[in-house]
Amino acid sequence: MNLERTKQIKAAITAVGGYVPNTILSNADLEKMVDTNDAWIRSRTGIKERRILKDASKATSFLAIEAAKDLISKSNLDPETIDLILVATVTPDMPVAATAAYVASSIGAKNAFAYDLSAACSGFLYGMSTSAAYISSGRYKKVLLIGADKMSSIVDYTDRTTCVIFGDGAGAVLFEASPNEFGWEDEYLRSDGQERMSLGIKAGGSLHPTTHETVENNWQYLYQEGKTVFKSAVSEMADSAAEILKRNTLTGKEIDYLIPHQANKRIIDATAQRIGLREDQVLMNITYYGNTTAATIPLLLNDYQSKFKKGDKMIFAAFGGGFTWGSAYLTWAY
Ligand code: UT7
C-alpha cells in the first residue's frame with residue numbers, strides 16, 4: 001500500500017537529538033579482554049571503537065533522557081506539549097515498567113503517555129512508522145520517538161563473537177505535522193519469527209524465566225548465529241531498499257542519503273551497492289559507535305543533521321532480531 005494515497009496529514013521529523021557516553025572501548029582494549037585483534041574487527045565489521053555507559057547505576061533511561069534533553073535544547077520544544085513518548089529498546093531499565101514512562105516524567109512531559117517498543121535493531125524504523133501514523137491520523141500533534149540501548153548490559157565480554165560489535169547510545173526525533181509537502185512518504189516493513197533463535201537473549205522472558213541454570217549457561221546474554229544473521233541481513237535490507245525505490249519510481253541516483261542500521265559495514269556496503277549508490281550517499285557511524293541497536297538510525301540523523309536540506313530524499317533500512325526488517329522513504333522537511 002502506498003501511504004501517499006491514504007494520508008490526511010503529512011508527518012515529518014521536525015527536530016533531532018542524540019547522546020553517546022564518554023567512555024570509549026577501543027579495539028585495542030578488547031584485545032586485552034578476548035582473543036581478537038584490531039585487523040579482524042576492522043576488516044570484518046568496520047568498527048574501530050564503541051561508547052560504553054560505565055556507570056552501573058545508570059541504565060537505558062539515562063541515555064534516552066540525555067538524547068531527549070539534547071533535542072529539547074536544540075529545538076526549544078516545551079516538554080509539556082508532547083503528546084506521546086515512544087522508546088524503542090531491547091534493554092529497558094526493567095522488564096515490566098516501561099522505560100518510556102520514566103523518561104517522560106524525567107523530562108517534564110507531564111501531559112504525555114509513554115510506552116516502549118521492542119523490535120531489536122528495527123525498533124527505531126518501526127517506531128518511525130508508528131509515530132508517522134499517529135500524526136497522519138490527526139490523533140496526536142507531537143510524538144517524541146527515542147531509540148536507546150545500553151547494549152553493554154546484555155553483552156558477554158568473554159564472548160568475542162558478540163562483544164566486539166555492540167555499543168551504547170541514544171537518539172531522538174520529534175514527529176509533527178509537516179510544515180510543507182515533505183515528510184513520511186512510504187514504508188515496507190516485514191518480520192519472520194521462525195528465525196528468533198538466531199539472534200536474541202534466551203532467558204529472562206516467559207519462555208525461560210531466570211533460574212540458577214539459565215545463569216550458569218550465560219543465557220542472560222545476547223547471542224547470535226553470526227553467519228545466518230549476516231546472510232539474511234544482506235538480502236533483506238537490500239531487497240527492501242530496492243523495493244521501496246521501485247514502488248516510488250526512484251533510482252539510486254535520485255536519492256540523497258541511505259540511512260541504514262549500523263550492524264556491519266559489509267552489510268551496509270552490500271545494500272548500497274545493490275541500489276547503486278556512491279559512497280558519499282551512505283551515512284555511517286559504525287566506525288566510532290559500533291552497533292547501538294535501536295540508536296543507530298537516530299544517531300545518524302543527529303550526527304549528519306547539518307548536511308541535510310529541505311526536500312532531501314532519504315531511504316532508511318534496518319534488519320534485526322526477531323527477525324525484523326524493512327525500509328522507509330522520507331523527504332526531509334527543514
Ligand atoms: O544488528 C542486528 C543484526 N546483526 C547483524 O546483522 C550481524 C550479522 N553478522 C555479522 O556481522 C558477522 O557475521 C560477524 C561480524 C558477527 C562475524 O563475521 P563473519 O565474517 O561472519 O565471521 P565468522 O562468524 O564466519 O567467523 C570467521 C572466523 C571464525 O574462525 P574460524 O572458524 O574460521 O577459525 C571465528 O571463530 O573468525 C573468528 N572470529 C573472530 N576472530 C577474531 C569470530 N569472532 C572473532 C573476533 N576476533 N572477534
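**Ligand site and domain briefing**

The ligand is surrounded by 23 residues, the closest being T36, R44, K227, N264 and N291. A residue counts as near a molecule if one of its heavy atoms lies within 4 Å of it. The model is predicted: local features need pLDDT of at least 70, side-chain atom pairs count only at pLDDT 80 or more, and totals for chains, interfaces and linings use all residues. Residues are numbered from 1 along each chain as its sequence is written, and side-chain values use heavy atoms, with hydrogens and water left out.

**Polar contacts and burial**

- R160 places a polar side-chain atom 2.9 Å from an oxygen atom of the ligand.
- W40 also has a polar side-chain atom by a ligand oxygen, at 3.2 Å.
- The side chain of Q224 has an N or O atom 3.5 Å from a nitrogen atom of the ligand.
- A polar contact here is a pair of N or O atoms within 3.5 Å.
- Taken alone, the ligand exposes 950 Å², and the protein buries 74% of that. Accessible areas come from the Shrake-Rupley method with a 1.4 Å probe.

**Make-up of the shell**

- The largest share, five residues, comes from α8.
- Helices (H or I, at least four residues) and strands (E, at least two) are DSSP runs, numbered from the N terminus.
- By class, the shell holds eleven nonpolar, seven polar and five charged residues.
- Ala, Val, Leu, Ile, Met, Phe, Trp, Tyr, Cys and Pro count as nonpolar; Asp, Glu, Lys and Arg count as charged; the others, Gly among them, count as polar.

**Domains**

- The chain is assigned domain 1 (11-177) and domain 2 (184-331), with bounds from an automatic or database domain assignment.
- Their C-alpha centres lie 14 Å apart.
- The contact takes 49 residues from domain 1 and 44 residues from domain 2, where contact means heavy atoms within 4.5 Å.
- About 3,700 Å² is buried between domain 1 and domain 2, and carbon and sulfur atoms give 63% of it. Buried area is the accessible area (1.4 Å probe) that two parts lose on being put together, summed over both.
- Both domains give residues to the shell around the ligand, so the ligand lies between them.

**Backbone spots**

- Most residues other than glycine have a negative phi, and most peptide bonds are trans.
- N76 is not a glycine, yet has a positive phi of about 60°. N76 sits in the loop between α3 (60-75) and β4 (84-88).
- G322 and F323 are joined by a cis peptide bond, with omega about -10°. F323 is in the loop between β12 (313-320) and β13 (324-331).

Methods
Polar contact = N/O pair within 3.5 Å; in protein donor to acceptor, adjacent residues only side chain to side chain.
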